[in-house]
Amino acid sequence: VAQSPQMSPGQDLEWRPRLRVLCLHGRCQTAATFERKLEKLAAKASSFAEFVFVDGPVELPLQHGERVNTRGWWDEAANSTRGDSDPEVRRVLGEAWAEQG
């Protein structure tokens, strides 16, 4: 029976590409607020993953004393479709893919 070679402590593993994780915020958030919420996770995973944060295409009106408009992925007031069938969502995600991979 062949044994796999053992790695000694401190010996580098073979190079592997870092994961890229697409992070889509929820309604009434922004990419920046979601990034702050995941800051600790992103720091712990930084050796093997990169987190990419994207803003939703719909700017929402100020609510509950907010100072900055938040964003969403569809406009409920306009009764637009939800998810990837919405052309605006596809456009935003397509641009993020083209620019950030």
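Student: Is Thr30 buried or exposed?

Tutor: Buried means under 20% relative accessible area, exposed means over 50%, and partly exposed is in between (1.4 Å probe, protein chains only). Thr30 has a relative accessible area of 13%, so Thr30 is buried. Keep in mind that this is a predicted model, where local features need pLDDT of at least 70, side-chain atom pairs count only at pLDDT 80 or more, and totals for chains, interfaces and linings use all residues. Residues are numbered from 1 along each chain as its sequence is written, and side-chain values use heavy atoms, with hydrogens and water left out.

Student: Where does Thr30 lie, and what is Thr30 in contact with?

Tutor: Helices (H or I, at least four residues) and strands (E, at least two) are DSSP runs, numbered from the N terminus. Thr30 sits in the loop between strand 1 (19-24) and helix 1 (31-37). Contact means heavy atoms within 4.5 Å. Setting aside neighbours within four places in sequence, Thr30 touches His25, Asp55, Asn69, Thr70 and Arg71.

Student: Which residues of helix 3 are buried?

Tutor: Val89, Val92 and Ala96. Seen down the axis of helix 3, they fall within an arc of 70 degrees, so they line one face of the helix; the arc is that of the directions from the helix axis to the C-beta atoms. These buried residues pack against strand 2 (49-54). On the other side of helix 3, Pro87, Trp97 and Ala98 are exposed.

Student: What comes just after helix 3?

Tutor: Gly101, which takes a positive phi of about 75 degrees.
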